[in-house]
Amino acid sequence: MREIATGLQHIGIPTPCYRESLEFYKKIGFCIQYETQLPDTKDRVSFLKLNGLTVELYENRGIIREAGPIDHICIDVVDIKLAYTYICKMDCIILDQEIRQLPFWERGIQFFTIMGPNHEKIEFCQRL
């Protein structure tokens, strides 16, 4: 697999509130790369990109909005304080009321986490 796999292609997020989810991801910096509707159900699907990270939002009215076996999406940032200031100005649920730190990697990391509209956790992290 090392010879044929090139990395993460996208993370799929089902949503019963497609428009709300789409606007949320656009607010935190994602741009729409592709939009379509499934031919049989007419459910909407969008691929959104933020630099090297792609998220697929797909309409699923039967989904239960709670965290599942994948705990979070992490967005790498170069300035955690600037990211925190930006996110604090938004109308979203911030799960960490301050920037946290852990002794990961060589010099540690700083991070904070928010909740997306489908109860997905989104972490912003800077390696120090």
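**View 1. Phe24, Tyr25 and Phe30 are linked into a cluster by ring pairs.** Rings of Phe, Tyr and Trp (its six-membered ring) pair if their centres lie within 6.5 Å; planes under 30 degrees apart count as stacked, over 60 as edge-to-face and the rest as tilted. The model is predicted: local features need pLDDT of at least 70, side-chain atom pairs count only at pLDDT 80 or more, and totals for chains, interfaces and linings use all residues. Residues are numbered from 1 along each chain as its sequence is written, and side-chain values use heavy atoms, with hydrogens and water left out. The count by this rule is five aromatic pairs. One of them, Tyr25 with Phe30, is edge-to-face, at 5.4 Å centre to centre and 80° between the planes. Tyr25 and Phe30 are both buried (under 20% relative accessible area; exposed is over 50%, partly exposed in between; 1.4 Å probe, protein chains only).

**View 2. Tyr34 and Phe47 form a tilted aromatic pair.** The ring centres are 6.4 Å apart, with 50° between the planes. Tyr34 is partly exposed, with a relative accessible area of 47%; Phe47 is also partly exposed, at 23%.

**View 3. Pro16 touches Asn60, Arg61, Ile63, Arg65 and Asn118, not counting residues up to four places away in sequence.** Contact means heavy atoms within 4.5 Å. Pro16 and Gly62 are 46 residues apart in sequence but 6.8 Å apart in space, C-alpha to C-alpha. Pro16 is partly exposed, with a relative accessible area of 29%.

**View 4. Ile87 touches Ile28, Cys92, Ile94, Phe112, Ile114 and Phe124.** Residues up to four places away in sequence are not counted here.
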